[in-house]
Amino acid sequence: MTDDSLSSHLHELDLSPDPAFTAQANGTAEMYDEAAADHEGFWARQARERVTWAKDFDTTLDWSEAPFAKWFVGGELNVAYNCVDRHVEAGNGDRVAIHFEGEQGDTRTITYADLQREVSKAANALASLGVSTGDRVAVYMPMIPETVFTMLACARLGAPHSVIFGGFSAEALHTRIADAEAKVVVTTDGQWRRGKPAPLKAAVDAAIHHGDDASPVEKVLVVKRTDTEVEWDDERDVWWHDLVEGQPDTHEAAPVDSEHPLFILYTSGTTGKPKGIFHTTGGYLTQAAYTNAVVHDLHPETDVYWCTADVGWVTGHSYIVYGPLANGATQVLYEGTPDSPHQGRWWEIVEKYKVSILYTAPTAIRTFMKWGTDIPAKYDMSSIRVLGSVGEPINPEAWLWYRKHVGGDRAPIVDTWWQTETGAIMISPLPGVTTLEPGSAQRPIPGISAEILDDDGNPFTEAEKVGYLVLTKPWPSMLRGIWGDPERYKETYWSRFGPKYYFAGDGAKYDEKGNIWLLGRVDDVMNVSGHRLSTAEIESALVSHPSVAEAAVVGAADETTGQAVCAFVILRGGATDHGEETVQELRNHVAKEIGPIAKPRQVMIVQELPKTRSGKIMRRLLKDVAENREVGDVTTLADSSVMNLIKQGMSSGSD
Ligand code: PRX
């Protein structure tokens, strides 16, 4: 679609809420006023209505040690009890919690009563391995039910988990295990990827035997998934089927303090060292449950919900495990990739389970656009009633495609902005309430306050002026810090615009109607297929290769993945004899150091990098090159001829 036909198409659409939808929607227009009139009262009500407390809280918010928040102070609860047991106690034990769809076509149906037994067994098993409250458990697993059981078992024991995405390398796994000092790792022999088994435990072994460092890991619990051959340490390794299956299927879920740590999740920052974002119990669960109810409009008795994210990312934590299960949802859990064994796999799943709420990422939608409309057209997707998008800005064209070819031109789309740090959705339309605006996340949900600031830190409301997104009031599911590094927490989020504003790191603007448009990161963080990667982390992976002297990495616009990794590399000794082989070797080196998701699309061997007089690399200029644009202002360069040299002498390689 050309820009002209896109905008005329947009004008013809009526995107105001359908009254029939509004009549049954969980979110209401009044919620905005209620929350604005009494911020803490609003959240206290959400906490008491959506969560079952073993002991009620006495103070809603303690902000006296800002920016370290305490929510629902004095309250006690158990997250696993909230996500599992209470549904069984309420008589919903027979309701399906998880429709599991394996990549190979194997399926499992897990009711809430089954889930209670499985989580109890897993909790007993972890306890038998010495895990007790406060101990950290690393989880390095594919999208299978045991992963959910493990996370809930950790929550049941009050042992914070650190889930590490299965696409990360042994090296990345090592750093994360060491930083959190994880005592136990739960993993699988392998994972299914496009019909083939890929090893997983091998990376755990390598992460534990890393250099001369003593590992904190005492036990490794291994689920057999692919029958992949594994090396075995009799002292340390335990098969899930040997240990867990024999455990008693009841377990008492002990309540913990509202501020007890629930999990650590590593995410990329602007330096090479990933940040262990940590979340606590009562506030996190409250906002995860509330947003899943009002933004996804989940009705647990009738909906079949499907969030396609991987549990290794925050979306999987909040919108596969904690939010939907706290609400008693029936959901689909799919192990594989969208094109395995054919490009209609997702739509086949939608048809099969009558999925009514689908939550996915723009990068997936753009991939489906490329594959063609005839693929979704083959399936009956009339069950769909709400669509969600997360992870990066969704361009209006992809939005319209999603609405038409997946949502039957009828389902509202919620474009949800949030971050690992925010724990749950922050900016989004409410279906049934908001008149939608394709491409915009629109406005903060009830209970959340945001502003856009200019360079001097002043809020403004003019349309089309670009500024920085900040959050202006504490919220229940906010991060409580960076694991082991309180200073970095203050510095990263609460210093750019002073202690009053949480700096999100995103550029934003308002449109004429007052909608917020998110414009991408303003720091050295890239967003590739909705995955967050730091330029610094990839640069340090590149310079760890013996032939690399210097490296600069930028995120360049990419039609499918949003951004793509482009690396500029100077070889040692200024070598210019750099065949395709070197380029491939460097790309593979990054995949090995961080994981395949970080593999550069392009590696360009150059002899110089553009630097200011103080030696700072001007990535903005490299981005111009990577995006095939006229190179911008070069006057601050120490040597202004460098850019010409780069453009002339560049050789590049990619898949
Ligand atoms: O830049 C924003 C982008 O993703 C970043 C957060 O990444 P992560 O912590 O990995 O969490 C992703 C899933 C919540 C944000 O700083 N982002 C996320 N959602 C949107 C978005 N950008 C625009 N629109 C969105 N809906």
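Strand β22 (residues 467–471) has five of its five residues buried, so this strand is largely enclosed by the rest of the structure. Here buried means under 20% relative accessible area, while exposed means over 50% and partly exposed lies in between, with a 1.4 Å probe and protein chains only. The names of helices (H or I, at least four residues) and strands (E, at least two) follow DSSP runs, numbered from the N terminus. The model you are looking at is predicted, so to speak of a local feature requires pLDDT of at least 70, and side-chain atom pairs count only at pLDDT 80 or more, whereas totals for chains, interfaces and linings use all residues. Residues are numbered from 1 along each chain as its sequence is written, and side-chain values use heavy atoms, with hydrogens and water left out.

Let us stay with β22 and look at its partners. Strands count as paired if DSSP finds at least two bridges between them. β22 pairs with strand β21 (residues 450–453) in the antiparallel sense, over four bridges, and Ile 452 is found opposite Leu 469 of β22. Strand β24 (residues 502–510) is also antiparallel to β22 and is joined to it by four bridges; there, Gly 467 faces Ala 508 of β24. Strands of a sheet pair through backbone hydrogen bonds, either parallel or antiparallel.

Now turn to an open sheet of eight strands. Its order is β12-β11-β8-β6-β7-β14-β15-β23, and the pairing is mixed. At the edges are β12 (237–239) and β23 (481–482), each of which pairs on one side only. Within the sheet, β7 (residues 161–163) and β14 (residues 261–267) run parallel and share two bridges. Ser 162 has Ile 264 in β14 as its bridge partner.

The loop between α6 (112–128) and β6 (137–140) holds Asp 135. With a relative accessibility of 17%, Asp 135 counts as buried. Its side chain has a polar atom 2.9 Å from the backbone nitrogen of Ser 132, and the side chain of Asp 135 also makes a polar contact of 3.1 Å with the side chain of Lys 183. A polar contact is a pair of N or O atoms within 3.5 Å; within protein, one must be able to donate a hydrogen and the other to accept it, and residues adjacent in sequence count only if both atoms are side-chain atoms.

Next comes the ligand. Around it are 17 residues, of which Asp 415, Thr 420, Asp 506, Arg 521 and Arg 532 come nearest; a residue is near a molecule if one of its heavy atoms lies within 4 Å of it. The shell is made up of six nonpolar, six polar and five charged residues. An oxygen atom of the ligand is 2.6 Å from a polar side-chain atom of Thr 420, and an oxygen atom of the ligand lies 2.7 Å from an N or O atom in the side chain of Arg 532. The protein buries 96% of the 540 Å² that the ligand exposes when taken alone, with areas from the Shrake-Rupley method and a 1.4 Å probe.

Finally, visit helix α18 (residues 535–543). Seven of its nine residues are buried, so the helix is largely enclosed by the rest of the structure. Among the buried ones are Thr 535, Glu 537 and Leu 542.

Methods
Ala, Val, Leu, Ile, Met, Phe, Trp, Tyr, Cys and Pro count as nonpolar, Asp, Glu, Lys and Arg as charged, and the others, Gly among them, as polar.
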